[in-house]
Every structure is written in C-alpha cells, then in structure tokens.
2 protein chains.
Amino acid sequence: MKWDELEEEPCSMARTIGVIGDRWTLLILRECFLRTRRFEGFQSALGITRHLLAERLKKLVRQGVLRRIPYQESPKRHEYILTQKGLDLYPIMMALVHWGDTHMVDERGRPLLHEHRKCGKMFDPVMVCSECGEPLSAKEVHVHPGPGARPAPERVLLDKKAKPKPRRKAA
Amino acid sequence: MKWDELEEEPCSMARTIGVIGDRWTLLILRECFLRTRRFEGFQSALGITRHLLAERLKKLVRQGVLRRIPYQESPKRHEYILTQKGLDLYPIMMALVHWGDTHMVDERGRPLLHEHRKCGKMFDPVMVCSECGEPLSAKEVHVHPGPGARPAPERVLLDKKAKPKPRRKAA
DNA sequence: ATTTGACAGTTCAATTTTAGAACTATACAA
DNA sequence: TTGTATAGTTCTAAAATTGAACTGTCAAAT
C-alpha cells in the first residue's frame, strides 16, 4: 500500500493514521506538546536523522498540523508550532500516555504525572460519551455507516465482520 | 534508533509507540476491534503482505495485546483476539477516529457514526479529567516527574523545554 | 482417487525507507 | 580569523517492506 492512499479511505482512523501514524511523527508531536519548536531541538531531543526530521516536519506543515513561522530574519529561521488542528491531537497523545502508564510501567512507577490546572489534582484521562457522560468501552459502542461511507457494492471499511464461522470438528 | 529501545525509555508514550506505533499495527488493531480474528481476514481486509502480517501478529501476541487461541484441530488453526490489555487500546482508537472525523472528512461527511448502547445516542468521544470530570486541553495540564522518571543528570524525556530564547533581531 | 479450495503461514528477489555521517550556507561573537 | 549556532541537503550502507510464489494440512466436490 502506498501510504498516501490511506488518506482517501472512507475511514477516519485510516486517514488519521495517514497523517500521524508513524513512529517518528508521533515522537515529533510529543516534542511539540512539550514545547519544542525548532529543528535542532527536535533533532537533539529525539536523535532522529536530520533528513527524516526535515521530511516529517514538511509533511506535518503540509497537513496543517504544524505552522512554520519565521522568528528571525538573516539568516532566516523558522519555528514549528502546533496549529489548532495539531492541538486537537492532544486526546490522542494522552490516550497513548495513559495506556503506557497502565500497561508498560516498570516497578518504579510512572515516568510522569499529570496535573489538571482547573482542579489542581493529579489525574488520568478518561474517555466519555459526549451525550451521557459515561465512560466508554468497546463493547458498548455500535457503529453505523455515516453519510461519507462507501456506497454499497464495494467494501465499507470499518464495517465488515469476519463472522467466526466454525468449521469441522472444533478444538 | 532501534525500535525495541523505545520500550525502555522513561516515557509512557514512547513505550506505547514501541508496541503499537506503526501503520500496519494500527490498522490490524482497527480490524481487531471490528471483530476480525483470522489471518486471512486481516490479510484480505487490509491488503497487507502476508509476511508482515505474520510478523505483526506475532509481536502483538508477544506484547500481550492479542491472544492466539486454537479454534480447530487438524489442521491446527488459531484466532487472534484482543486481551484486556488490547481492549484497553480502545480510547486510543476512538481518539484517532475522532480526530479524523473532525479534521479529515470530505464534503460527504463521516464514514461512520458511533452509537452508545447505554444512552442510545450517536456520540463523540470526549476526554475528561478523572478527578473533576472536565474536558481536557493541552494547556490546562502540567507534567511533573513521577517515581519512574529518569534520575537527575540525564535528560528526563517528556520534561524538557526548548525555551524560545530569542536571539538577534527578531523578524 | 484425484482435484480443488480454504487456511495459515514461509521464502525470496526487488524495491523503498531509514540510518549515519558528512557537507553547505548564513551570520553573529570572540 | 576562527568558532558556534541554526537549518537544512547530500550521499552511501543497512534495514524494512513489497509482491509473488511456494509449502503443508485437511475437507469437500468430482
């Protein structure tokens, strides 16, 4: 698969993956949320090759996730800062962190704690339903084709089921 | 960087990325949540090469995200199903979908709608603070080193700031 | 009895990506 | 004049991915 095809798929998840779904991009975004803004900053924080960093930044700018803003003339220098579209990635970042906090910590505990300014407490992010406010879990959610779903004859991505048709003598 | 080093970093996000942070893995997980369970199912749904699919499934099993369960003897066949650790990835999936729904839809609208069984409404996922229940945004959150943070002399991942030290004549 | 098809992989050559390191260019500061 | 900081670009070697074919087991159809 060519990865730019992902953005054409009738699946919001695939499209998102097309934009931010690779390791370096995700790490670059982590740095963005930690207020890294400059080429050298990203490079030294991540140890990414300069070549790839240049590519990824270019792509994020093209996608409207980052904006490239001059902070000095002669020599021209730019900073990369998150747009609103980029800031909206925050729930994804937090979800990634939280899963790591839950399933990937060693005996010493979490590397980082998060404090919510509004209430002053250390918190975990919780994903809830916008309508009733209850926490969400996979089995309580059903999907329906939306207006942008692919029309009938073709396969509707994100809406097919591999029915476990058991054959022959079961184990 | 070798990608297995990611899991050693004192950063929950990096560790998570080490497990699920590549395109194919993310797409495989999407299929899992859509109840695909078998090798051929994944392969035909995604068009991934069989070689890579076998590798990725193996890794997800090794990481405890999927469990490989026999569903038939002779010939031995297995299904890949999400463990609890895997099911806990749901907020990440929903966050990815929601960002795509917000920023990557075309004029036709969303490919999919989500219904919350409990309340019966179509919903969006919202990430809130576990302590006060308010929706979260990047700027209302402060990070602090936790017990598993890297000790002083070395760089604490996820806790450095590239202070925009302005030099020379600004633009 | 033989062929066909489903399933779950494995193997291998060709292509694409990434890593690692060095190099370019501009301009300030000592 | 030399050194440093910044933001890249260029190059070759190494690693990952693709595409396609191949393996092996068994059930069902001919």
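Q: What does contact mean here, and how many residues of chain A and chain B are in contact?

A: Contact means heavy atoms within 4.5 Å, and by that criterion 113 residues of chain A are in contact with 113 residues of chain B. This is a predicted model, in which local features need pLDDT of at least 70 and side-chain atom pairs count only at pLDDT 80 or more, while totals for chains, interfaces and linings use all residues. Residues are numbered from 1 along each chain as its sequence is written, chains are lettered from A in the order in which they are written, and side-chain values use heavy atoms, with hydrogens and water left out.

Q: How much area do chain A and chain B bury between them?

A: The size of an interface is often given as the accessible area lost when the parts come together. With a 1.4 Å probe and the loss summed over both parts, chain A and chain B bury about 10500 Å², 63% of it on carbon and sulfur atoms. In chain A, Met13(A), Arg23(A) and Trp99(A) lose the most area to chain B, together 8% of what that side buries.

Q: How many salt bridges are there between chain A and chain B?

A: A salt bridge requires a side-chain nitrogen of Lys or Arg within 4 Å of a carboxyl oxygen of Asp or Glu, and the count between the two chains is eight. One of them joins Arg15(B) to Asp106(A), with the closest N and O atoms 3.9 Å apart.

Q: Which strands of chain A and chain B pair?

A: Strands are DSSP runs of E, at least two residues long, numbered from the N terminus, and two of them pair if DSSP finds at least two bridges between them. Strand S3 (residues 112-116) of chain A and strand S5 (residues 141-145) of chain B pair in the antiparallel sense over five bridges, and Glu115(A) has His142(B) as its bridge partner in S5(B).

Note on methods:
Buried area = accessible area lost by both parts, 1.4 Å probe. Helix = DSSP H or I, 4+ residues; strand = E, 2+ residues; numbered from the N terminus.
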